[in-house]
Amino acid sequence: MRHLLSVSDLTKTQAISILDTASELARISDSTIKKLPTLRGRTIVNLFAEDSTRTRISFEAAAKRLSADVINFSAKGSSLSKGESLKDTALTLQAMGADAVVIRHSASGAPQRLADSEWMRGAVINAGDGTHEHPSQALLDAFTIRKHLGKGSSDLHGLRVAIVGDVLHSRVARSNVLLLKLLGASVVLVAPPTLLPVGVESWPVTISYDLDSVIPTVDVVMMLRVQQERMGDLYFPNTREYSRYFGLNSERLKSMSANSIIMHPGPMNRGLEITAEVADSARSVIVEQVANGVSVRMAILYVLLAGQPLEAGNK
Ligand code: NCD
């Protein structure tokens with residue numbers, strides 16, 4: 001495995017090996033020595049051409065815990081905002097000896113373009129491209145689900161996951177649908193028809209417009225952010241109406257099945273797709289997703305740059 005561009009590049013074995021490596025790394029991170037020498041002397045560039053909090057600092061923390069040198073490069077304050085092309089940026093990163101580039105970009109396909117080019121030799125990791133994919137988020141979500149509901153199994157066989165809300169603009173939903181399917185879970189998308197993408201009929205999912213009937217039947221309720229910054233047109237009548245039909249509130253929380261969990265990739269619109277009370281409730285694993293993100297991104301860097309999965313006892 002050279003790059004991580006899309007979940008569709010992963011085999012089931014590779015995906016599970018990343019999750020297992022992450023479990024092993026999480027175990028080490030829980031101990032007093034947080035830092036491993038594995039990537040000492042390697043340089044990882046965080047190239048963020050679109051806003052991010054969690055993903056950027058998560059990759060930064062992951063790289064540092066593996067002792068890599070990290071260069072943070074965001075669009076604001078760099079020549080990207082002066083219109084420098086991806087090519088010139090990549091050539092600069094190559095000249096600086098980047099071993100891996102973690103890229104977030106508003107254009108779907110930008111990471112692929114970088115990986116296919118001759119511009120740089122390092123590994124390319126997609127940290128979210130347009131409305132296309134966000135593979136590291138899907139892996140950390142799968143890791144979190146497995147930890148809570150996996151019952152010791154290596155995959156997610158038999159689990160039912162509802163992905164709720166703005167599927168149309170969500171790269172998180174796309175990557176999650178692919179990975180959950182690969183790992184044996186079944187997915188139901190719940191959204192207003194206007195927030196489902198064209199061609200969704202061919203996705204390996206079922207579709208519902210009725211959140212109330214879905215909630216008691218699933219193990220995981222994964223809420224998506226309403227991506228108002230990507231909405232030029234009106235996709236729903238108003239935010240009150242949206243919350244009434246597609247928001248997770250304490251009334252709906254009561255109808256969730258025993259042991260089921262609530263997820264959200266962040267950033268949340270509290271009061272829109274999820275109420276504050278539900279986001280902070282005992283069923284919510286939202287903060288834990290962030291913590292797990294660091295272990296999973298360590299595993300991704302480890303597998304791509306150290307070249308092998310971490311077996312228990314092989315450190
Ligand atoms: C997501 C993203 O940027 O795609 N956030 C994240 O990476 N944690 C989801 C979102 O912005 O809604």
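How do the residues of the lining of the largest pocket divide into nonpolar, polar and charged? They split into 10 nonpolar, 12 polar and 9 charged, where Ala, Val, Leu, Ile, Met, Phe, Trp, Tyr, Cys and Pro count as nonpolar, Asp, Glu, Lys and Arg as charged, and the others, Gly among them, as polar.

This is a predicted model, in which local features need pLDDT of at least 70, side-chain atom pairs count only at pLDDT 80 or more, and totals for chains, interfaces and linings use all residues. Residues are numbered from 1 along each chain as its sequence is written, and side-chain values use heavy atoms, with hydrogens and water left out.

A pocket here is an open set of points on a 1 Å grid over the protein atoms alone where a 1.4 Å probe fits, with protein on both sides within 12 Å along at least five of seven lines; lining residues have an atom within 4 Å of a point.

| Pocket | Volume | Top helix in lining |
|---|---|---|
| Largest | about 550 Å³ | α11, 6 residues |

Volume is the space filled by probe spheres set on the points, with grid points joined across faces, edges and corners. Helices are DSSP runs (H or I, at least four residues), numbered from the N terminus.

Domain 1 (7-132 + 290-306) and domain 2 (135-289) both give residues to the lining of the largest pocket, so this pocket lies between them; the domain bounds come from an automatic or database domain assignment. Nearest the centre of the largest pocket are R54, T55, R104, G266 and P267.

For the second largest pocket, α1 (12-30), α5 and α11 each supply at least two lining residues.
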